[in-house]
Amino acid sequence: MKFPWMGLDRELLRHCERRLREELSLSIQLYLMADKFQVAALKLLARDRFYRAAEVSWDWLACFPDIIDEIYCIPRERDTRRLREIVCRLVGSHIRDKAQRDRMAGVMPKHGDFALGVLNYIGESEDAVWR
């Protein structure tokens, strides 16, 4: 069966989803390693790599709530501020869509910081509109 929105069959779509999941997780791990060993350039590269993969896939990738969970389960003493900011901005920009709210319903109660980050992004974006 073909998916008209992507022109891919199911097997190819599953393969793409697996690769994107691996790409996002690897970017998170690289970011954490770069933070631990204080390699600023690698940290920036890993953040950008994460952003690029998340930007094109977050709204249809079934495992994206798991990626958010992975980020928010990292202990607070680790610097994940930039990764958290990315997911909050991506989700916050489309949270008015009921389908996206339903997708995030499992992860928001579990991670109040995530829900607050999304809410803060919505507030910031609305403030910018009214200025």
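Helices (H or I, at least four residues) and strands (E, at least two) are taken here as DSSP runs, numbered from the N terminus. The model is predicted: local features need pLDDT of at least 70 and side-chain atom pairs count only at pLDDT 80 or more, whereas totals for chains, interfaces and linings use all residues. Residues are numbered from 1 along each chain as its sequence is written, and side-chain values use heavy atoms, with hydrogens and water left out.

**Helix H1 and aspartate 35.** A residue is called buried under 20% relative accessible area, exposed over 50%, and partly exposed in between (1.4 Å probe, protein chains only). The buried residues of H1 include Leu13, Leu20, Leu24, Ile28 and Tyr31. Aspartate 35 also lies in H1, and it counts as buried because its relative accessibility is 18%. Contact means heavy atoms within 4.5 Å. Beyond its neighbours within four places in sequence, aspartate 35 is in contact with Lys43, Arg78 and Asp79. Just after H1, glutamine 38 adopts a positive phi of about 55°.

**Alanine 62.** The loop between helix H2 (40-57) and helix H3 (64-72) contains alanine 62. This alanine 62 is exposed because its relative accessible area is 60%. Apart from neighbours within four places in sequence, alanine 62 contacts Glu17 and Arg103. Its C-alpha atom is separated by 29 Å from that of glutamate 77, which is 15 residues away along the chain.

**The largest pocket.** On a 1 Å grid over the protein atoms alone, a pocket is an open set of points where a 1.4 Å probe fits, with protein on both sides within 12 Å along at least five of seven lines; lining residues have an atom within 4 Å of a point. The largest pocket has a volume of about 260 Å³, a volume being the space filled by probe spheres set on the points, which are joined across faces, edges and corners. Of its 13 lining residues, Arg84, Glu85, Cys88, Gly117 and Asn120 are the closest to the centre. Within H4, Arg84 and Cys88 are among the buried residues.
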